[in-house]
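Please look through the sequence and the model below before reading on. The report that follows moves from the overall picture to a few selected places in the chain.

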Amino acid sequence: MAIKNTQQEPKTNKTKLYLTGINIIIIGIGFLLFISFFSYYFNGFQDQSQITSLMDKDVVAENSFGKLGALAGDVFIHNGIGIAAFILPIFLVLFGAKKITGSKAIKPFGFLSKCIFFLIWLPIFIGFSYPDHPEFSGIMGFEINDFMNSFVGKIGVGFILLISLVIYLMFRYDLTYDRFVAWQEKRREKLRLEKEEEERIRLEEERLLLEKREQERLTEFNKQQELKIQQRVKEEEEILENFNSEAIKLNQEKQLNEKINTETIEVAEIQPQSAENAFGINSIDKDDDDHSISLNIIDVVEEDVIEDANDFKVQLPVEEELYVEPVTEENLDLIEDIKIEETGLELKIETVQVEETVEQAAARIVSEQGEYDPRKDLPNYQFPKINLLKKYDASNTTMIDQKELEANKNRILETLNNYGIGIESIKATIGPTVTLYEIVPQAGVRISKIKNLEDDIALSLAALGIRIIAPIPGKGTIGIEVPNSNPAMVSMHSVIASQKFQSTDMELPIAFGKTITNETFIADLAKMPHLLMAGATGQGKSVGLNAIITSLIYKKHPSELKFVMVDPKKVELTLYSKIERHFLAKLPDSEDAIITDNAKVINTLNSLCIEMDDRYELLKNAFVRNIKEYNTKFKARKLNPDNGHRFLPYIVLIVDEFADLIMTAGKEVELPIARLAQLARAVGIHLIIATQRPSVNVITGTIKANFPGRVAFRVTSKIDSRTILDSAGADQLIGKGDMLFTTGNELIRLQCAFVDTPEVDDITEFIGEQRGYPDAMHLPEYVGENEGSSVSVDLSDRDVLFNDAARLIVIAQQGSASLLQRKLKLGYNRAGRLIDQLEAAGIVGPFEGSKARQVLVSDEVNLEQLLNNLN
Ligand SMILES: Nc1ncnc2c1ncn2[C@@H]1O[C@H](COP(=O)(O)OP(=O)(O)OP(=O)(O)O)[C@@H](O)[C@H]1O
């Protein structure tokens with residue numbers, strides 16, 4: 001057997017060799033035909049005329065493959081199928097190559113089956129489209145087309161060609177109508193996604209542009225601030241220089257006095273021990289009658305001449321020699337001892353007290369008077385009672401019934417099942433308005449698949465507001481939030497009365513409402529530190545604002561918290577005017593504490609910026625970093641109120657309709673808001689801004705970046721939701737206080753607590769009837785750029801400090817507002833106004849940029865005359 005096998009092998013090899021040879025010939029023929037066909041298109045016309053005499057030896061064909069090539073071209077192209085004839089040599093080459101290599105990648109019959117249709121269709125099509133070029137359609141294509149043309153007409157031929165191509169493609173590519181529709185849908189989806197992406201990019205670009213502009217504006221603002229500071233520093237340096245030259249003058253005078261003293265002592269024949277010892281003795285008067293000497297002594301500690309004070313009477317006979325020690329704080333006691341024990345002199349000396357340190361002084365005052373209690377201003381103030389809030393019907397809080405739960409569960413499972421998604425387990429958590437179904441999908445199910453079924457699940461549950469959280473952060477499950485058919489109302493009463501709120505130690509606790517697990521949810525505004533609220537109209541924004549204000553009022557004493565309320569809608573916050581004297585802050589010259597006029601908003605916001613700067617100054621001087629540390633230090637009486645220190649209440653700015661403000665006042669509002677949002681957190685100024693329209697030109701990049709706390713009630717579009725929350729979701733809420741809250745991390749779905757207008761009315765009434773402060777807290781004055789110009793100065797309405805300011809300026813011969821600020825302890829604005837009045841009265845010259853103003857009155861005598869004239 002083994003021998004037989006070895007004999008067979010060379011035989012098979014040989015067959016293979018033969019076959020390879022044959023296949024090489026086939027490939028060769030393929031190439032030959034291909035080149036012949038190709039060449040035919042260039043030389044076929046010349047060869048055509050000689051085609052009948054090709055057998056004649058003298059006839060030379062132009063074709064690259066000679067007569068044979070010319071013949072092949074004539075048969076296959078001219079008399080055959082035209083350009084479609086190229087299919088044949090390609091097939092031959094592929095066939096031969098396949099047979100030799102055995103490669104699966106080469107599929108000659110696959111190629112042929114794809115092209116066979118075109119062997120017929122293409123010649124007819126070319127004959128139909130280019131009847132003047134039979135060399136491309138071949139006689140066959142030309143004739144068939146001609147025949148069909150006479151039979152069904154030109155349109156008929158075109159129609160048949162088209163139909164046949166469509167049918168061929170349908171079979172070839174399996175193109176059913178469903179697939180066509182699916183393809184269409186896919187295309188539409190792609191277009192939609194592209195559009196969305198374009199929109200996103202556009203919005204992003206818009207946001208970046210606005211941010212850039214914002215940045216530029218802020219840089220400009222900072223530059224101006226810096227210039228102002230530089231000017232102020234310069235003014236102060238000049239004043240310091242003046243003081244120095246004054247000091248030098250004084251020193252010279254003092255030295256002159258010393259000289260005179262030495263001379264006086266010489267006259268009295270009392271020699272100081274040394275030259276230094278004489279320091280401190282201003283003059284010595286000798287009285288010969290009662291043998292006494294009066295020493296007029298300079299207070300060395302203060303380095304100031306204390307005129308006719310400290311007149312030490314030294315009782316001694318003139319003959320006795322007196323050694324006067326240098327007068328310093330330490331040796332005053334010593335002198336006293338010496339005078340009584342050794343010399344028997346009676347020296348009347350004021351006792352020098354050892355200075356207390358700040359800590360010691362604070363401890364002493366605290367032990368005498370106790371810590372500073374800001375609430376002592378209104379000692380009898382009563383916090384609003386909990387029963388002012390309505391409980392609402394208990395049946396309102398009944399939970400979702402079992403049947404609904406079961407039905408929802410089944411529908412969810414069914415829907416997922418229809419899409420081939422298996423579930424391992426499902427769990428329901430019932431919230432006040434929404435029930436959360438948590439599902440664990442079977443291994444291998446893609447989360448995005450479930451997320452995509454959001455609409456299908458909503459459809460099967462026939463409910464609005466389905467939100468799918470895939471996955472729930474930190475849980476590894478997928479959440480499907482389904483609104484309850486009978487939502488329960490979360491009353492403000494229930495959240496305020498909750499243990500969590502009552503025992504919280506947050507600085508500014510806000511009880512928003514309840515979570516999906518029915519827990520009371522409280523957040524600290526001081527930590528947030530600013531809050532942005534958005535929601536379409538009627539979705540619970542105003543109720544939300546009332547809930548926030550109510551929470552704060554229930555926790556804070558009027559001395560600890562002030563609201564600045566801006567209400568362009570004029571009706572939402574008016575109720576709070578009753579607590580003006582307790583909880584509100586306003587500009588000194590405004591009548592209403594609730595600001596409804598947009599022009600006033602600008603002044604108020606700028607005034608808040610001044611308050612912020614003032615507070616930063618106080619914090620800096622107290623060496624603390626934030627309001628909490630500052631107030632603790634102040635309560636411990638470590639900060640002296642004489643140095644301007646005061647207890648700082650939190651200030652919460654509430655703007656009800658921000659979009660309206662931006663529309664009317666634009667950048668003038670945006671700039672101070674952005675400044676406050678960026679800087680005010682440490683000094684206890686917090687912002688709550690609500691808007692119906694969360695579009696990018698209302699909520700600009702800078703504002704957004706500084707408002708990490710966001711609340712979204714229901715909005716109308718995904719884009720709005722993205723603008724406010726940076727993600728979709730708010731468009732799927734169900735309204736009526738259903739809200740999403742975030743501080744930058746996860747989104748929390750909450751049911752906002754409901755507080756009705758009559759309840760707010762009762763609370764404000766309760767507080768308003770109690771004794772309050774004489775007026776709302778006054779914010780620093782702000783004089784707008786236009787208001788402060790000298791044109792509007794009315795000299796008949798001069799500041800009460802006008803005369804003092806004028807004298808100060810004339811004595812110092814320096815027209816600077818900061819001098820007035822320091823010496824008269826004024827705010828920047830009042831000092832600025834005084835300077836304007838002084839200018840109008842002709843006491844100082846006009847504003848000269850960075851230089852101090854010129855003083856036009858040379859001395860006090862002239863000034864007094866001028867002031868008399870003015871009076
Ligand atoms: N937390 C809530 N619980 C129950 N119902 C609510 C809640 N919040 C709002 N609603 C209902 O929705 C209605 C509209 O709420 P609200 O006035 O707060 O809307 P809004 O967003 O301020 O509208 P607008 O912007 O037009 O002032 C309320 O009258 C109330 O019936």
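Helices (H or I, at least four residues) and strands (E, at least two) are DSSP runs, numbered from the N terminus. Most residues other than glycine have a negative phi, and most peptide bonds are trans.

This is a predicted model, in which local features need pLDDT of at least 70 and side-chain atom pairs count only at pLDDT 80 or more, while totals for chains, interfaces and linings use all residues. Residues are numbered from 1 along each chain as its sequence is written.

**Overall picture and confidence**

The protein has 26 helices and 19 strands. Buried residues (those with 20 or more other C-beta atoms within 10 Å of their own, where 12 or fewer means exposed, anything in between means partly exposed, and C-beta atoms are placed from the backbone) make up 32% of the 871 residues. The average pLDDT, which is the predictor's confidence in each residue on a scale from 0 to 100, is 80 for the protein, and 83% of the residues score at least 70. Where pLDDT is low, the predicted coordinates should not be read in detail.

**Regions annotated in UniProt**

An unreviewed UniProt entry gives the annotation "transmembrane region" to residues 21–42, 75–97, 109–131 and 151–171; such positions are given in the numbering used here, feature names are shortened, and annotations may be inferred rather than shown by experiment. In the model, residues 21–42 are 100% helix and 0% strand, with end C-alpha atoms 32 Å apart, and residues 75–97 are 78% helix and 0% strand, with end C-alpha atoms 25 Å apart.

How do the axes of helix H16 (residues 598–621) and helix H18 (residues 658–665) cross? They come within 10 Å and cross at roughly 95°, and H16 and H18 are therefore roughly perpendicular to each other, a word used for angles of 65 to 115 degrees. Asn598, Val601 and Ile602 of H16 make the contact with Leu661, Thr664 and Ala665 of H18.

**Single residues**

Phe623, in the loop between H16 and helix H17 (627–635), has a phi near 55°, a positive value in a residue other than glycine. Lys736, which lies in the loop between helix H21 (718–725) and strand E17 (738–742), also has a phi near 55°.

| Residue | C-beta neighbours inside 10 Å | Class |
|---|---|---|
| Glu204 | 12 neighbours | exposed |
| Asp456 | 14 neighbours | partly exposed |
| Phe623 | 10 neighbours | exposed |
| Lys736 | 18 neighbours | partly exposed |

Glu204 belongs to helix H6 (residues 177–268); Glu204 and Val696 are 492 residues apart in sequence but 9.3 Å apart in space, C-alpha to C-alpha. Asp456 belongs to helix H11 (residues 454–461), and from Asp456 to Tyr419 the separation is 37 residues in sequence and 9.9 Å in space, C-alpha to C-alpha.

Terms used: Axes fitted to C-alpha atoms, helices over the stretch in contact; angles between N-to-C directions. Parallel < 35°, antiparallel > 145°, perpendicular 65-115°, else oblique. Contact = placed C-beta atoms within 7 Å.
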